[in-house]
Amino acid sequence: MNPSPSHNSPPRKRLGFFSRLLDQASAAERYRLVTAQIQHAEAHGFDTAWVAQHHFHEAEGGLPAPLVFLSHVAARTQRIRLGTGIVTLPMENPIRVAEDAVVLDLLSGGRLEFGVGTGGSPESFSAFGLRSDDRARIYAQHLAV
């Protein structure tokens, strides 16, 4: 008979890994390196792996499509939870983001940790035909959808 856990036990700590994909390499090589890092993190007991979305500015981060990238990682891992820290929601179609997130979550066996935010550098907004000053308003509209 297994004794029941003590109600005074501290909660289990979780260990996560975060990357902005900043390696000094081509985009393909950065993606390969971070995939290998996440596989290594999973093999060594990490609970989560997180990536950030950034457009156009390699010095800030090198991943414009985190859900696509995490789908690739999901096919190469089994247990580690995969998170977006964050998807820049004002620059995205919220319905498409929700659909892509659901597909990734299903393909990964329910391992997606989904984070959204207003983020992004001001220059990135103009490339999408948006004003950075409008990010909070657009974010609220997209989040409501």
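1. Cover over helix 5. In this predicted model, the buried residues of helix 5 are covered by several elements, including helix 3 (94–107), strand 6 (116–117) and helix 4. The buried residues in question are Arg135, Ile138, Tyr139 and His142. Viewed down the axis of helix 5, they fall within an arc of 100°, so they line one face of the helix.

2. Overall layout. The chain has 5 helices and 6 strands. Along the sequence they follow the pattern β-α-β-α-β-β-α-β-β-α-α. The C-alpha atoms fill a box of roughly 65 × 35 × 25 Å along the principal axes. Of the 145 residues, 38% are buried. Take the contacts between residues at least 6 apart in sequence: 73% of them join residues at least 24 apart.

3. Aromatic pairs. There are 2 in the structure. One is formed by Tyr31 and Phe69, with 5.9 Å centre to centre and 45° between the planes, and it is tilted. This pair links distant parts of the chain: Tyr31 is in helix 1 (residues 27–43), Phe69 is in helix 2 (residues 66–74), and they are 38 residues apart. How exposed is each partner? Tyr31 has a relative accessible area of 26% and is partly exposed. Phe69 is at 5% and counts as buried, because the cut-off for buried is under 20%.

4. The pair between loops. Phe56 and Phe128 also form a tilted aromatic pair, at 6.0 Å centre to centre with 50° between the planes. Where do the two residues sit? Phe56 lies in the loop between strand 2 (48–51) and helix 2, and Phe128 in the loop between helix 4 (122–127) and helix 5 (135–144). The pair therefore ties together parts that are 72 residues apart in sequence. Phe56 is exposed, with 59% relative accessible area. Phe128, at 35%, is partly exposed.

5. A cis peptide. The peptide bond from Gly85 to Ile86 is cis. Its omega is near 25°. Ile86 belongs to the loop between strand 3 (81–84) and strand 4 (87–88).

6. Leu21 lies in the loop between strand 1 (16–19) and helix 1.

7. Cavity. The count is 1 cavity of 30 Å³ or more. The largest cavity has a volume of about 30 Å³. Which residues line the largest cavity? The lining consists of Gln53, His54, His55, Glu60, Thr88, Met91, Gly120, Ser121 and Ser124. By class, that lining has 1 nonpolar, 7 polar and 1 charged residues.

Definitions and conventions: Residues numbered from 1 in each chain as written. Predicted model: local features only at pLDDT ≥ 70, side-chain atom pairs only at ≥ 80, totals over all residues. Heavy atoms only, no water. Phe/Tyr/Trp six-rings, centres within 6.5 Å; stacked < 30°, edge-to-face > 60°. Helix = DSSP H or I, 4+ residues; strand = E, 2+ residues; numbered from the N terminus. Buried < 20%, exposed > 50% of the residue type's maximum accessible area, 1.4 Å probe, protein only. Arc of directions from axis to C-beta. Contact = heavy atoms within 4.5 Å. 1 Å grid on protein atoms, 1.4 Å probe; cavity = no way out; pocket = protein on both sides within 12 Å on 5 of 7 lines; lining within 4 Å. Points joined across faces, edges and corners; volume = space filled by probe spheres on them. Nonpolar A, V, L, I, M, F, W, Y, C, P; charged D, E, K, R; others polar.
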